[in-house]
Every structure is written in C-alpha cells, then in structure tokens.
Amino acid sequence: MQRERLEQLLRGDDETSAAALAALRAGASYVVWDGTTPAQSLAGVYGRRLRHTLQKGIETSGLEQAVQRLNRYGGPVRLGQIRATDGSWIFMLFLDQDGGTLVACTGVRQSRPVPHPSDAC
C-alpha cells in the first residue's frame with residue numbers, strides 16, 4: 001500500500017488515527033500484510049490484550065474502541081502496522097479486506113523502544 005493512501009485512510013476524527021497519521025508523516029515505517037483474518041477472532045485476541053494492558057498499566061490508545069469496532073464489523077480484515085521512528089509507539093491497523101477502509105486503529109506505548117529490524121546491523 002502506498003504511504004499516501006494509508007495517510008488518507010487515517011484522516012479520521014479519532015485521537016488514535018490522528019496519532020498514527022502523525023507518526024507516519026514523521027517517517028514511521030509501516031506494513032500492510034496480505035491476507036485477511038476474521039474480525040471476530042481478532043476482537044477476541046485484542047480483548048485479551050486490553051485486559052492484559054489494563055492489569056499491567058501499559059499505556060494504549062483506542063484499544064477498547066478497536067475491540068468494539070472489530071466485534072461489530074463481522075467481516076474479514078487485513079492487518080497493518082505503523083512503528084514510530086523512535087520505537088515509542090506501535091499502531092495496529094485493521095482494514096477491510098480490500099484495504100480501502102479503516103475499520104479500527106489502536107496503539108500501544110512500548111516500555112522500551114523496539115529497535116527496527118534494519119537497526120540490528
């Protein structure tokens with residue numbers, strides 16, 4: 001997916017999409033994977049992550065709303081990820097199966113910035 005197209009999809013009115021868009025515009029790396037996963041299955045996975053982050057005090061953005069949207073959506077979704085340039089935040093994107101609509105977006109603050117794989121050299 002082209003960066004410009006992803007920027008268009010993130011131009012929503014919620015705080016998490018705005019933060020993901022800002023990270024992308026600041027040079028964040030991103031990927032949108034091929035294939036789809038049932039939204040209901042991801043709602044279960046991310047529901048468990050929500051409980052875990054609440055128990056551990058991990059800062060998230062839009063996670064509860066993402067779980068609710070995935071539960072309501074019902075169709076297959078494509079996954080994408082945006083990693084802030086400093087590794088402080090990772091945003092997960094849930095797109096419709098064609099990648100033309102953003103279904104949900106969530107972010108999680110990394111307690112220790114995660115190095116980008118290309119930094120391992």
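1. A word on the model. What you are looking at is a predicted model, so please read every value below as computed from that prediction.

2. Aromatic pairs, and the one to start with. There are 2 aromatic pairs to find. Y46 and F94 make an edge-to-face pair, with 5.1 Å from centre to centre and 85° between the planes. These partners come from distant parts of the chain: Y46 belongs to helix α3 (residues 39–56) and F94 to strand β5 (residues 89–96), and 48 residues separate them.

3. A stacked pair. W89 and F91 also form an aromatic pair, and here the arrangement is stacked. Their centres lie 5.9 Å apart, with 15° between the planes. W89 has a relative accessible area of 13%, so it is buried. F91, at 4% relative accessibility, is likewise in the buried class.

4. A charge over a ring. Go back to Y46 for a moment, as the ring has another neighbour worth a look. R49 lies over the face of Y46, 4.5 Å from the ring centre.

5. Side chains of opposite charge can pair when their charged atoms come close. The structure has 3 salt bridges. In one of them, the side chains of R25 and E7 meet at 3.8 Å, N to O. R25 sits in helix α2 (residues 15–25) and E7 in helix α1 (residues 3–9), so this bridge ties together parts that are 18 residues apart in sequence. E7 counts as buried because its relative accessibility is 14%.

6. A strand tied to a loop. Another salt bridge joins the side chains of R78 and D34, again with 3.8 Å from N to O. R78 is in strand β4 (residues 76–83), while D34 is in the loop between β1 (29–32) and β2 (37–38), so the parts tied together are 44 residues apart in sequence.

7. A loop tied to a strand. E59 and R109 form a salt bridge in which the closest N and O atoms are 2.7 Å apart. E59 lies in the loop between α3 and β3 (60–61) and R109 in strand β6 (residues 102–109), a link between distant parts of the chain, 50 residues apart. E59 counts as partly exposed, at 41% relative accessibility, and R109 is partly exposed as well, with a relative accessible area of 35%.

8. The largest pocket. Two or more lining residues come from each of α3, β5 and β6, and α3 gives the most, with 4 residues. By class, the lining has 6 nonpolar, 6 polar and 1 charged residues.

Technical notes:
Residues are numbered from 1 along each chain as its sequence is written. This is a predicted model: local features need pLDDT of at least 70, side-chain atom pairs count only at pLDDT 80 or more; totals for chains, interfaces and linings use all residues. Side-chain values use heavy atoms; hydrogens and water are left out. Rings of Phe, Tyr and Trp (its six-membered ring) pair if their centres lie within 6.5 Å; planes under 30 degrees apart count as stacked, over 60 as edge-to-face and the rest as tilted. Buried means under 20% relative accessible area, exposed over 50%, partly exposed in between (1.4 Å probe, protein chains only). A charge sits over a ring if NZ of Lys or CZ of Arg is within 6 Å of the ring centre and within 35 degrees of the ring normal. A salt bridge is a side-chain nitrogen of Lys or Arg within 4 Å of a carboxyl oxygen of Asp or Glu. Ala, Val, Leu, Ile, Met, Phe, Trp, Tyr, Cys and Pro count as nonpolar, Asp, Glu, Lys and Arg as charged, and the others, Gly among them, as polar.
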